[in-house]
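Me: I want to learn how to read helix packing and nonpolar cores. Can you take me through a case?

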Amino acid sequence: MNAFAPSRRGLLATAAGFGLSLQLLAVPAMAADSALNRKKVIVVICRGGMDGLSVAPPIGDSEYHGLRGGLAVEGALPLDGAFALHPQLTAVHALAKAGEARIAPAVATPDRARSHFEAQDVLESGAAGVYSTTSGWLNRAVETLSAHRKVDAMSVGATAPLILRGKVQTASWSPGRAVDAEARLPTLLQDLYRNDPLLGPALARGLETETMAKVATADLDGGGAMMNVSTGGKGGGFKAGAAPGPGAQQGRDAAKKLGESLAGFMREPGGPTVAAISLDGFDSHAGQAGLLNGRLAYLDAVLDGVHQGLGPEWKNTVVLVATEFGRTARANGTGGTDHGTGSTALLLGGALKPGGIVGDWPTLKQNALFENRDVAPTLDMRGLFKGVLADHMGVDKAALDATVFPNSATARPVANLV
Amino acid sequence: MALANQDLMAAIAVTRFGLGAKPGELAAARSDPQGFLKTQIRRTGADQPPGQPASTAQRMAEFRDFRKERREERLEKAADTRPASSATGADPAMMDAARPNRREAADPVKQIGNVLRKDIAADFGARVELAATTDAAFRERWALFWANHFTVSATKPIAGTVVGPFEAEAIRPHVFGRFGDLLDAVETHPAMLTYLDQIQSVGPDSPAAEFVKNGRGRGRGAGLFGGQLQQTAQRTPGLNENLAREIMELHTVGVNGGYTQADVTEFARAMTGLSIGAERDGAYGTAVFREQAHEPGVRTVMKVRYDGDGRRQTAQILADLAAKPQTAQFVCGKIARHFVADDPPPALVARLTDAWMRSGGDLTVVAETLVSAPEAWDPVPGKFKTPYEFIVSSFRAAGAQPVGFQQLGPILTSLGQKPFSAPSPKGWAEDAQSWAAPDAIVKRMQFAQTFSQNVVRDRDPKQLAADALGERLTPDTAKAIARAESRPEGFALLLMSPEFQRR
């Protein structure tokens, strides 16, 4: 974006300084409405290597209990004879029963190094290997779409996740107190940043989002309550206190509110239609059962909030939940599991076609495990993302193969998801 | 590369290498900017934060009591009403005022939780106080670099209680010594052993594991592992490879350092037995080696064989990792990225790596090489401040210091850098792209507004700007400050100026 041009964003940011409302400026600037303009996609990144065998326990697999022993999930919520969902995933389960949530139980990125940081980079950059690009695939998807229609993207959290970094200036938001609309400082800083390629666009975008936040979060009970949600670090993850236990309900409520706030932005006219949010803390080397109880309850509440908050827009939405890698099929010696390969992705949304599992289940037989250790991936994660971007968001297939996911022609888009 | 003039070099010295200028600091650095930094390097290590620090062992004992009390309380409650669920580790640092008071002050769980929370807040507050006031800010930045390189994070509740003691005991004394000694102190420290799950890792064929497998260990056997296994005595003890992997990937050779999954597993086997002491041997919260939990036999890690002396295997492997050229290359790349630019000049990395290898990883030599390197003095600032750096440098610019953790915690959390809570063992991000998100800039602006109103009062923001940035102050910013309608507005413009946000 040209920092000098009197763009809509510039006007909005100026408007924010004078306390004007967003809609006055945003509505005339919007492109003509069409079905495609309303399509929304949300990517939820679960950092730390989320254990797929706990998210969606393969209860029909005869090896599951033997491999997991005491870590086999008790009281899972059945989907069919073969798979169930973790008991904390009650909202996801209800959606699955309504045909609005599916699991992909054996997905992986192309990375096999079992390093959190390398695998997260590959997951978010969309590259075939590590260090080959410094922008995120979701940003490049927005860039591609922007040639045809206005598409805005937003990340939730204080820091910018790699998945949304790139050429397109995206919004970011985290809970906090409102900007003082009377203060001169925002306008003065806009002027001071006019030649600053980093701070200029970022501040303009931030002020625009703040203006929108006043409307988007108005229905929630008071902005002050949002302050209790804590932000994480890299990738802006949010962390719930360990749950269940005292405080667990508070954590769940905060998580649900966070999901509702995100949904609030996405329901705004001219609001983002592409969003990313990340949750930390899934690295379960020890004490896995209790740790995942807390994390999955938090995830479920965020997703519940998104679903409830989107209301009539849910039917236009697909939510993808993914992690950098799965964990070892066997329990380790310390009540947890170590870094593995294949994991479970979740797909949710009113736009989703009902169906069974996405991709094949390789089974947990010893000779089926990847390197005699991990769930063997049967589906390239990029194929999952590409299927949603192509059929739901209308991203050009050639661009998906070449620029959004470079050199990914072999990772075919999963068809018929929407 | 032509070196900048003396005034500009002084400004670079105190902002890029230090933690931002205090009033008067630029003048102190002016006559010899490089010498100003070099005199801060000292073999005895970094400064210790003010106050009376607790030891790691004391903190761990406190946390143990907290858990014990809480377990008892839960059992009582379970007896009273319906069964309570099996929670693990509620975070004392998270139990803030937002939580409704369940009971009165007599509640022992709440009491110990409060003490721990205050301890953690005091540790962090002392560290910020040191950073905000020290005359040797390069020395402190150097220590902070290593604390982040060897992250222990409060994202694991028990680890949060010992981040402060860990930095004091394992990091600060060694940051200008040999890297190998720093590495050894860090990886065998109870805080790191706890944070990266080493304490429960047991050799699958060790006497201790055999004991449990044979069914003799139920109940009684738990004591063999210093009580670590008490809650989970049902399972077969075995390996946990978390620490082994992160030592290689994050602390030494790096992810492209040439190791395999087999090397990770072998290293994990070698480290079995390394744990923390039990209550009954009076060594709770200190590092111990338990021969009976050690995986017997010869280990091969990165093509080197380590003989069967279990007690020495870990130290030998760590020493070999510390000496590898991949380690020098990886860590020097990080030093250059931290101090100079997100994408640092290769010549600088090569210069540091060379100094590292020639000196056997002598961090005094590496620090001196960094200060002398012409590539490190590019007049264009290559780094965007992290929230911690921004807050600390704001206090320094104001000549102020935080009066309480209450001021700091919420601010840093809202800026994405919750105290002592790096999101992963990789530590905090260092790059502009991570920290300059739109929301983050808005929140920095909000901090600058509030902070300026509280600290400036009758002081001249033009003078504060000259004191804080010296030759780095641009005409645009100077003009904006001069035109400000109030002193706080002028100071807020200084803090948010492009050149103050960078270093």
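**Helix packing and cores**

Reply: Helix H9 (residues 179-187) of chain B packs on helix H14 (residues 310-323) of chain B at about 135°, with the axes 9 Å apart. Helices here are DSSP runs (H or I, at least four residues), and strands are E runs of at least two, numbered from the N terminus. The model is predicted: local features need pLDDT of at least 70, side-chain atom pairs count only at pLDDT 80 or more, and totals for chains, interfaces and linings use all residues. Residues are numbered from 1 along each chain as written, with chains lettered from A and ligands numbered from 1 in written order.

Me: How are H9(B) and H14(B) oriented to each other?

Reply: Two packed helices are described by the angle between their axes and the distance between the axes. Axes are lines fitted to C-alpha atoms, for helices over the stretch in contact, and angles run from 0 to 180 degrees between N-to-C directions. Under 35 degrees is roughly parallel, over 145 roughly antiparallel, 65 to 115 roughly perpendicular, the rest oblique. H9(B) and H14(B) are therefore oblique.

Me: Which residues of H9(B) and H14(B) make the contact?

Reply: Contact means C-beta atoms, placed from the backbone, within 7 Å. H9(B) gives B:Phe179, B:Gly180, B:Leu183, B:Asp184 and B:Glu187. H14(B) gives B:Ala315, B:Leu318, B:Ala319, B:Ala322 and B:Ala323.

Me: Which residues touch the most other members of the largest nonpolar core?

Reply: A core joins buried Ala, Val, Leu, Ile, Met, Phe, Trp, Tyr and Cys residues through C-beta atoms within 7 Å. Buried means 20 or more other C-beta atoms within 10 Å; exposed, 12 or fewer; partly exposed, in between. A:Leu320 and A:Leu347 lead among 265 residues. H11(A) supplies the largest share, eleven residues. Leaving aside neighbours within four places in sequence, A:Leu347 contacts residues including A:Ala101, A:Leu320 and A:Leu417.

Definitions and conventions:
Contact = placed C-beta atoms within 7 Å.
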